[in-house]
Amino acid sequence: MHPNRKKLQDEMAKWQDDFEKRLTDCIGKRKLRSKNVISIDDLSKEEMDLIFDCTKLFKEFIVKPDRKMGLLKGTSQVNFFFEDSTRTRSSFELAGKHLGIDTINISKGGSSMDKKGETLNDTARTLDKMHADVIILRHSKAGTPQMIADQIKAAVISGGDGWHEHPTQALLDLYTILDKKGKISGNKVVIVGDIKHSRVAGSLIRALNKYDIEPRIAGPPTLIPFGLEKVFKCKVFYSLEEAIKGVDVIYALRIQLERAAGAEIPTVREYSKTYCINPARLAMAKPDAIVMHPGPINREVDLRTEVMDGPQSAVEDQVENGFACRLALLYLLLGGDRR
Ligand code: CP
């Protein structure tokens, strides 16, 4: 081995010993009660705080030159994605690998579900018999992660289901608000865009409500479910200019043309004229407001490029925090006395 590599490995081994001690001290007697994370409602506010405390530590780890730890060596993780993904799938896969988990990826194409017609249930039960410890599942149909979790022993984390929820997105979003603003509760938040088809909004509104934030919801009436204010603590605005005034956080959603949103707006150009976050609209928020978006972004439709790439954008921080947050979640779900 090259002497420099050996030196680096020795330094990292020492750092990791110390990191594990700090992680153990940080967690203390706290733990996650639910085996699965399918809805943000599987977590209490205190459990989310625990995840955020660990995320802060894992952010130190992700910038280290040698990011391989055996904290969860001997466990296995299946990433089971039935819809496209860049951020969620890659960050879960890398997080698993960095923690020493044996990680595999399965999609419909190339598995026995495709041409041979094996059902999703039978596929999940088959993987369960290989003693997978955790399955990360993304599916276009709401409720699929719960249906699978009810039949298998492995923990299930939803990577997003239909229009329902995307709980780890909400975790990384709230962590980003905490990181940028120093607190979660007390911030004024506006969520803009296609609320109706957005699983991101489904988890984010629930999560913000846990921290006593009643988000302002802005978008065209056709893209905001009727009666939303009766289900969640929030306030609906059809005028973005009115909703954005004085907020600390602007959260823009993607117009989901693949989920039929196209039929509910006159044209994409008309939507962007009315709801795209541009510099003039950003100027109506607080001067230190941050701009967030779950990605992938339709540039010039959801966010103008000057805003997306500008100093108030937290979009890339969200990606980095998502990685740290998923490391923390996997560690808390599979580590400690869970094994
Ligand atoms: N935000 C999000 O879920 O992105 P991906 O679809 O790339 O995973």
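Predicted model: local features only at pLDDT ≥ 70, side-chain atom pairs only at ≥ 80, totals over all residues.
Student: Which residues are around the ligand?

Tutor: A shell is read by listing the residues with a heavy atom within 4 Å of the molecule. Here that list runs S85, T86, R87 and T88, then R138, H166 and Q169, and finally P294 and G295. By class, the shell holds six polar residues, two charged and one nonpolar.

Student: Which polar atoms of the protein lie by oxygen or nitrogen atoms of the ligand?

Tutor: For such pairs, the cut-off is 3.5 Å between N or O atoms. R87 places a polar side-chain atom 2.7 Å from a ligand oxygen. On Q169, a polar side-chain atom is 3.0 Å from a nitrogen atom of the ligand. G295 takes part through its backbone: a polar atom there lies 3.1 Å from a ligand nitrogen.

Student: How much of the ligand's exposed area does the protein bury?

Tutor: Burial is read against the ligand taken alone, which exposes 260 Å². Of that area, the protein buries 91%.

Student: What domains is the protein divided into?

Tutor: Domain 1 consists of 29-166 + 321-336, and domain 2 covers 168-314. Their C-alpha centres are 26 Å apart. The contact between them involves 31 residues from domain 1 and 26 residues from domain 2.

Student: Which domains does the shell around the ligand draw from?

Tutor: Domain 1 and domain 2 each supply at least three residues of the shell.

Notes: Residues numbered from 1 in each chain as written. Heavy atoms only, no water. Polar contact = N/O pair within 3.5 Å; in protein donor to acceptor, adjacent residues only side chain to side chain. Areas by Shrake-Rupley, 256 points an atom, 1.4 Å probe, with all protein chains shown as cover. Nonpolar A, V, L, I, M, F, W, Y, C, P; charged D, E, K, R; others polar. Domains from an automatic or database assignment. Contact = heavy atoms within 4.5 Å.
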